[in-house]
Amino acid sequence: MSVVKPKDLALTEERLAPGHRLCPGCGEPTTVKLVLKASDDPVIVCSATGCLEVSTSIYPYTSWNVPWIHSAFENAAATAAGVEAAIKALKRKGVYKYDKVNVLAVAGDGGTFDIGFQALSGAFERYHRIVYLLLDNEAYMNTGIQRSGGTPSYASTTTSPDGRVIPGKIQTKKQISRIMVEHEPAYVATISAAFWQDLIQKAKKAFAADGPAFLHSITPCPRGWRHADNISIELCRLAVQTCIFPLWEAEKVEGKMVYKLSAPSKQIAKNPDKKKPVVEYLKLQGRYRHLFKPEEKTDLINKIQEWVDTEWDIILERCGEK
Amino acid sequence: MMGMNGDTACAYAVKQCNPEVVAAYPITPQTIIVEVFSEYVANGEVTTEFIPVESEHSAMSTSIGAAAAGARAYTASASQGLALMYEMLYIASGLRLPIVMTCVNRALSAPINIHGDHSDAMGARDSGWIQLYCENSQEAYDTVIQAWRIAEHKDVLLPVMVNIDGFILSHTLENVAVLPDDAVKKFIGEKKIPVVKKPNGELTPYVLHPDYPVSMGAIDLQDYYFEHKRQQAEAMKHALRVIKEVGEEYGGLTGRRYGLIDPYMMNDAELAIVVMGSTAGTAKYVADLMRSKGVKAGVLRVRSFRPFPRDEIVKALSKVKACAVLDRSMSFGSYGGPLFVEIRSSFCYECQKPIMINYYYGLGGRDTPPHLLEDVFYDLKKIAETGKTGEEIRYLGLRDDREADNYKAELISFKDLNEGKIGGR
């Protein structure tokens with residue numbers, strides 16, 4: 001696939017229009033805009049309940065320049081499956097104008113890792129041609145920062161607060177993308193808005209896939225992560241550079257899911273010296289403040305680093321880099 | 001004429017309607033519908049996109065997505081399955097999507113029970129769905145066909161739930177007169193897309209289509225939500241008219257006319273049973289029996305529970321001396337079952353009203369043989385003669401187990417439990 005030029009992107013229409021009410025520094029609109037720009041065909045969006053939905057559709061206003069539906073929290077995949085099926089059947093009846101319409105389901109980590117997982121798993125097993133975009137801000141942000149299956153260890157949320165006895169979330173993050181690969185869909189990729197060209201290429205692949213595609217975006221939330229509004233993209237970059245969120249893709253080749261490390265992560269794999277310590281990523285975020293104040297809790301930071309290293313190893317292995 | 005059970009009759013009607021999308025999950029006693037329809041799909045008898053989803057929640061979500069994208073969408077469920085759909089039922093009606101569903105009425109757990117009563121549909125009473133209750137398989141077939149016309153009518157645009165009694169109708173073979181495929185196709189017509197007004201006053205088709213970027217299911221706060229709910233209430237009012245119109249038109253085609261209510265020997269009836277669903281058949285038989293004994297008995301079957309045909313019911317019952325309203329679902333803590341409460345309140349401002357009593361009956365598939373309904377007429381006779389109601393809320397076909405009623409559990413602590421205070425192993 002050819003490299004996308006910024007100028008070409010700038011000239012395409014804004015499918016998520018300005019004027020939405022998402023917070024300054026929110027990672028969601030940047031990611032969604034970029035993903036929508038990656039489709040040359042018409043797109044119908046199915047949103048789960050969440051920040052993106054409530055902030056873009058306050059009646060009588062809407063930010064969506066594409067057909068858009070929100071029905072509930074846990075069913076973006078099932079709703080999208082219905083839209084996809086309807087288009088298929090209407091085409092069969094010869095009453096549909098467009099030959100190719102992409103159906104994009106968008107949900108957060110709560111609506112994907114947790115309550116929405118059943119519908120997602122079902123839709124992927126049935127092999128609907130939908131693109132599922134996970135905006136992972138690692139907690140239930142729309143309801144005020146509660147832990148989810150996507151919350152990483154020792155992050156403080158309102159339902160996994162750092163207390164005198166328990167230092168934030170004690171469990172690790174569910175590795176949802178690898179679980180999705182095990183569904184053997186057409187395409188799975190992790191994306192970060194800091195590496196926008198990689199993101200666009202992957203979104204293009206997802207839309208071109210002949211089956212279900214899963215895009216997992218690391219999506220900073222200044223409110224929930226308690227970081228400054230102006231460093232969201234920097235955090236997107238650091239997440240990749242520290243390998244807490246490596247960039248990779250997996251696609252079906254001759255019936256087998258083949259993992260491939262993406263360029264920004266591959267550089268680190270080739271030069272392990274370039275791998276930044278995770279503490280650089282943690283210390284910019286208020287949700288990890290208790291790991292640094294009143295004194296630095298080296299043991300917990302080390303545990304996070306160990307987890308990152310182990311998971312990075314797994315990814316290197318899957319990508320055939322080890 | 002075909003020999004079919006109620007489930008097959010529904011599946012056959014759906015086949016003839018050939019909706020674009022059917023999404024369903026199996027649950028007893030609805031399973032036959034999904035199975036039979038799967039065969040139609042496998043044999044290429046329909047062009048439907050059939051989606052065997054992973055849960056009823058997704059069955060309704062997928063139907064919503066499909067209907068929003070401009071397809072005719074059908075699903076079927078029962079009991080726990082309908083309960084799992086619960087939140088999505090409100091979304092289907094709130095988004096004004098004309099989805100058709102067969103609900104094969106079944107009791108809800110616990111204790112688990114697979115047999116017929118109306119608890120499931122009553123749980124969805126206020127979800128904004130039109131609810132029609134069928135007396136037999138013929139009506140099940142006829143109602144599924146009519147349901148599309150009612151749901152998609154421009155003054156209605158609401159989802160329709162066609163209710164049939166679990167096992168009593170779903171699994172019982174009956175003769176069903178069917179229409180030729182072409183006649184069904186012509187009757188339901190082509191699916192049309194409603195044109196609605198956008199907040200800025202412009203007109204737009206209400207469908208997810210690349211050429212018309214509408215936003216469906218927006219967040220609707222204090223300043224508009226209430227008005228949108230009012231529109232739904234108005235649509236329900238319009239449905240009263242549309243159900244009758246469609247039932248009449250269908251009657252012109254088949255000779256089988258359908259309305260909101262189905263009065264039987266009610267013209268001069270002094271005593272009446274009011275009932276919904278398949279029990280109406282038994283009640284009509286018993287009314288004949290009572291007539292042969294000189295009792296002026298009648299039956300009023302309520303076909304449309306939502307919208308509730310208040311005026312027609314009042315008219316049909318106002319000259320009756322005494323009537324018994326039969327409820328096949330409980331409303332715990334309420335003074336009477338859902339149908340009874342509704343009918344009693346319908347008469348609130350009427351000068352002329354019958355004496356009314358309420359029977360809970362047939363829960364969890366408990367049989368309701370003719371002799372029980374005879375007893376009801378005898379009870380009504382006594383009430384009409386004496387003018388005394390006696391107990392207003394009664395149970396029909398329930399064992400009179402006073403010991404069980406009065407049994408109160410003892411409570412013990414875990415310490416007592418560990419020390420084996422109450423027998424055990």
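Me: Which residue in β17(B) is the bridge partner of B:Leu326?
Reply: B:Tyr359. This is a predicted model in which local features need pLDDT of at least 70 and side-chain atom pairs count only at pLDDT 80 or more, while totals for chains, interfaces and linings use all residues. Residues are numbered from 1 along each chain as its sequence is written, chains are lettered from A and ligands numbered from 1 in the order in which they are written, and side-chain values use heavy atoms, with hydrogens and water left out.

Me: What makes β16(B) and β17(B) a pair?
Reply: Two strands pair if DSSP finds at least two bridges between them. β16(B) and β17 (residues 355-361) have six, in the parallel sense, so they pass. β13 (residues 271-275) of chain B also pairs with β16(B) in the parallel sense, over four bridges; there, B:Ala272 has B:Cys323 as its bridge partner.

Me: B:Ala239 sits in helix α8 of chain B. Why is it called buried?
Reply: Buried means under 20% relative accessible area, exposed over 50%, and partly exposed in between (1.4 Å probe, protein chains only). B:Ala239 comes in at 0%, so it is buried. B:Ala239 also touches B:Ile130, B:Val156 and B:Pro307, leaving aside residues up to four places away in sequence (contact means heavy atoms within 4.5 Å).

Me: What makes β8(A) and β11 of chain B edge strands?
Reply: They belong to an open sheet of nine strands with mixed pairing, running β8(A)-β7(A)-β5(A)-β6(A)-β4(A)-β3(A)-β1(A)-β2(A)-β11(B). Each of the two has a single partner strand, so one side is left without a neighbour in the sheet. Within that sheet, β5(A) and β6(A) pair in the parallel sense over six bridges, and A:Thr190 stands opposite A:His216.

Me: What makes something a pocket rather than a cavity?
Reply: On a 1 Å grid over the protein atoms alone, a cavity is a set of points where a 1.4 Å probe fits but cannot get out; a pocket is an open set with protein on both sides within 12 Å along at least five of seven lines. Lining residues have an atom within 4 Å of a point. The largest pocket has a volume of about 1,400 Å³, and 42 residues line it, A:Tyr59 and B:His228 being among the closest to its centre. The largest share of the lining, nine residues, comes from α8(B). The largest cavity has a volume of about 160 Å³.

How values were computed: Points joined across faces, edges and corners; volume = space filled by probe spheres on them.
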